[in-house]
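Subject: Structure for your review

Dear colleague,

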Amino acid sequence: MELGLPKFRADQLSRQYFGRKQTDVSAMTDIPESLRESLGEALFPQLLTLVKGTECDNGATRKSLWRLHDKSLVESVLMGYPDRSTVCVSSQAGCGMACPFCATGQAGLTRNMSTAEIVEQVVHAARLSEQADLGRLSHIVFMGMGEPLANYARLVAALRRITSAAPDGLGMSARNITVSTVGLVPAIRRLTDEDLSVTLAVSLHAPDDELRDELVPINNRWKVAEVLDAAWGYARRTGRRVSIEYAMIRDVNDQPWRADLLGRLLKGKLAHVNLIPLNPTPGSRWDASPKPVEREFVARLRASGVATTVRDTRGQEIDGACGQLAASEQVGESENGSGHEARVQRGESRKVAI
Ligand code: SAH
């Protein structure tokens, strides 16, 4: 250890941090009190400071707004289910991908998060999950703020740390981790070669380039066919089904012919479709598809032989649902904003079963 301390101290610290999820050195009672302050300063800078914690669904959904050392804001959302506990984490402060329906995309990119900042969200969620009686944290989705594959090296280092066995890491199963991307083709190919076996999710949102160019602007660089080709390469190598994300936007991408086209693209592939009812963001001209339209879309995909589920929209009333994470706006907005009120009025978040 560079601080001139014996190796067993490093093991003690790892056990405290990764094993007991203890981020505060002053509470590590197996470390001599005289050492705690200097070790804390040298090795445990405050990475994430909780600005605000909000909850709904009787405490089963909990959003944390974090401030980073440079005052950037990011969010993570913990969701407890009967059979699992999932945290949705951020990989960047803001996002540079500019998808017009996504709240994070509107603000642009502030900066990449460090490996330690990414991991610490998981450590906090693991603690919170047990404290809040939601059971042991079992799943992680990189579907918070940011484009994970645009922060490639730090993402992969974080994935290795999270999946390494204790005491060096959190010992979580790669199969229970999902990395969601807009479709950065070279990065998908690199990830394929890492042999990490995490689940890949691709945010497709349209089966045709004309519409996808608008909804996911990076499509102007890598087209639908190239993105899917990279995804099938990932599926072949890992043997894991790729999740195709598709936000259902009324009269924009929800037509029956688009369902049929999507079905043709995915038929026979190691894939399943996850439809996400659009969470309208403040000021957006777009809305979610009506339920009958959604049902028709699902039926057509299934008729093509494509496994399809509809995402539950947990956390809407605390602005914690997909695409609603826009931390810098919310600090002011959640105290008064009528937008927030409107979302509360829209009612309980629910599990959508079709
Ligand atoms: N940058 C990554 C992860 C971000 S968000 C990606 O794009 O995949 C995770 C998912 O939420 C993505 O599929 C994203 O397109 C979707 N999403 C963003 N805004 C949304 C909104 N307003 N309603 C529903 N889904 C949204």
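Aspartate 11 and lysine 7 are four residues apart in helix 1 (residues 7–19), and therefore about one helical turn separates them; helices here are DSSP runs of H or I with at least four residues and strands are runs of E with at least two, both numbered from the N terminus. The side chains of aspartate 11 and lysine 7 form a salt bridge, 3.0 Å from N to O, where the term stands for a side-chain nitrogen of Lys or Arg within 4 Å of a carboxyl oxygen of Asp or Glu. Aspartate 11 is partly exposed at 23% relative accessibility, whereas lysine 7, at 60%, is exposed (buried is under 20% relative accessible area, exposed over 50% and partly exposed in between, with a 1.4 Å probe and protein chains only).

This is a predicted model, in which local features need pLDDT of at least 70 and side-chain atom pairs count only at pLDDT 80 or more, while totals for chains, interfaces and linings use all residues. Residues are numbered from 1 along each chain as its sequence is written, and side-chain values use heavy atoms, with hydrogens and water left out.

The structure holds 16 salt bridges. One of them pairs aspartate 193 with arginine 237, with 2.9 Å between the closest N and O atoms; this pair links distant parts of the chain, 44 residues apart, since aspartate 193 belongs to helix 6 (residues 185–193) and arginine 237 to helix 8 (residues 224–238). Arginine 285 and glutamate 214 also meet in a salt bridge, at 4.0 Å from N to O. Because arginine 285 sits in the loop between strand 11 (271–277) and helix 10 (291–303) and glutamate 214 in helix 7 (residues 209–215), the pair ties together parts 71 residues apart in sequence. Arginine 285 is exposed, at 65% relative accessible area, and glutamate 214 is partly exposed, at 40%.

Best regards
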